[in-house]
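Me: Please take a close look at a single strand in this model and describe its surroundings. I would like one connected account with the cut-offs stated.

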Amino acid sequence: MNPISKKMGLQPDILDGATIVKAYGDEYAIIENYKSIIEYTEEIVKLQGKHVKVVINGSCLCIESFEPDECRVFGKINQICLVRF
């Protein structure tokens, strides 16, 4: 955690730009603070974050919307992995 975040009582993602993944059941995921789309098929969506890669595996996956700070993935999600590098 960033010392400034800690002193101010803020969540670490606010100042550090951490990638945030929110899953809503097995059909919908929102990924915040991602940098780019690495791979996109109906079976896999890979996104590059600041400190991690987000890998979503499933079927009938589609990127419902993507904006500079948020990507929405819809479909049958089987697995979400965060890969540190």
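Reply: The model is predicted, so local features are given only at pLDDT of at least 70 and side-chain atom pairs only at pLDDT 80 or more, while totals for chains, interfaces and linings use all residues. Residues are numbered from 1 along each chain as its sequence is written, and side-chain values use heavy atoms, with hydrogens and water left out.

First, the setting. The chain has 2 helices and 6 strands, which follow one another from the N terminus as α-α-β-β-β-β-β-β. Helices (H or I, at least four residues) and strands (E, at least two) are DSSP runs, numbered from the N terminus. The 6 strands make an open sheet with antiparallel pairing, in the order β1-β2-β6-β5-β4-β3; two strands pair if DSSP finds at least two bridges between them. β1 (20–24) and β3 (34–40) are the edge strands, each with a single partner, so one side of each has no neighbour in the sheet. From one strand to the next the twist averages 35 degrees, where axes are lines fitted to C-alpha atoms, for helices over the stretch in contact, and angles run from 0 to 180 degrees between N-to-C directions.

In that order β4 stands between β5 and β3. On the β3 side, 5 bridges hold the antiparallel pair together, and the two strands form a hairpin with 3 residues between them. Two of the positions can be named: Ser36 has Gln48 of β4 as its bridge partner, and Ile37 lies opposite Leu47 of β4. On the β5 side, the pairing is again antiparallel over 5 bridges, and 2 residues link β4 to β5 in a hairpin. Here Lys46 is bridged to Val55 in β5.

β4 is mostly covered, with 5 of its 6 residues buried. Buried means under 20% relative accessible area, exposed over 50%, and partly exposed in between (1.4 Å probe, protein chains only). For the chain of 85 residues, the buried share is 29%.

In soluble globular proteins, nonpolar side chains tend to be buried together.

Among contacts in the chain between residues at least 6 apart in sequence, 41% join residues at least 24 apart.

How values were computed:
Contact = heavy atoms within 4.5 Å.
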